Amino acid sequence: MVRFIKRKDELTDIPGARYVMFVRHGKAEDIGAPSYDDFNRRLTDKGMQQLVKFFPKLAARMKEKFPDETWRVYSSPRVRALATAVCLQDALSKTGRLEHPAAKNGSLPAKSVAEDVRVMRELDDSDLDNLLTAILEETEGSICLVGHQPYLSQWTYELTKKEIGFAKGDAVLLRLDPDRPRKAKVVWTAEIKRYLRNGAKE
């Protein structure tokens, strides 16, 4: 389910405004596994399946509301975030590759899709100043940033003064004024659990 906080026509009065969507990675392997390695934790089968159901709905809404925007996907270097980012890129590009049985065990899918995702190491660090520098100086247009908690909630609060939790797979879209990046506005929140529970009725 995608909940709009502001109407699009209320958010178009700032020349050069950027749209930035924070996305938390999907459900990953347990932290307490015997071979625990946080960096290389993969998405679970269930986590991947949830994203495959949710992201096409989210991508369709993004394209409906912002038909002229081209979205570039960036990710933390951690495996669970990269797999999530590739799943999102797949939905945005409508390749549908992740619907096939080969995309199992949280592994990365077809190479041609994965190559469209770029790593942003600032997403694996809590420093908001570094992240804003990367966004403003190293990216263009509308972007999706796949990362981790608690950073996503912390950054959202610092940018908007709104407390928003991120369940695994959730997304929050912000409008960023490059001249005043710490005065961002929340455009919408997209909650994966609410969609999976109610999506068939929407």
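Helices (H or I, at least four residues) and strands (E, at least two) are taken as DSSP runs and numbered from the N terminus. The expected span of a helix is 1.5 Å times one less than its number of residues. The model is predicted: local features need pLDDT of at least 70, side-chain atom pairs count only at pLDDT 80 or more, and totals for chains, interfaces and linings use all residues. Residues are numbered from 1 along each chain as its sequence is written, and side-chain values use heavy atoms, with hydrogens and water left out.

Helix H1 covers residues 45-65, 21 residues in total. From its first C-alpha to its last, H1 reaches 31 Å, close to the 30 Å expected at 1.5 Å a residue.

The protein as a whole has 6 helices and 7 strands, which run β-β-α-β-α-α-β-α-β-α-β-β-α from the N terminus on. Of its 202 residues, 47% count as buried. Contact means heavy atoms within 4.5 Å; among contacts between residues at least 6 apart in sequence, 76% join residues at least 24 apart.

Arg80 is found in helix H2 (residues 79-93). Is this residue, Arg80, buried or exposed? Arg80 is buried, with a relative accessible area of 6%. Leaving aside neighbours within four places in sequence, Arg80 is in contact with several residues, among them His25, Asp38, Arg41 and His148.

Strand S6 (residues 171-177) is mostly covered, as 7 of its 7 residues are buried. Ala171, Leu173, Arg175 and Asp177 point one way from S6, while Val172, Leu174 and Leu176 point the other way. Two strands pair if DSSP finds at least two bridges between them. Strand S2 (residues 18-24) runs antiparallel to S6 and is joined to S6 by 6 bridges; Val23 has Ala171 as its bridge partner there. S6 also pairs with strand S7 (residues 180-190) in the antiparallel sense over 6 bridges, and Arg175 stands opposite Lys185 in S7. With 2 residues between them, S6 and S7 form a hairpin.

Note on methods. Buried means under 20% relative accessible area, exposed over 50%, partly exposed in between (1.4 Å probe, protein chains only).
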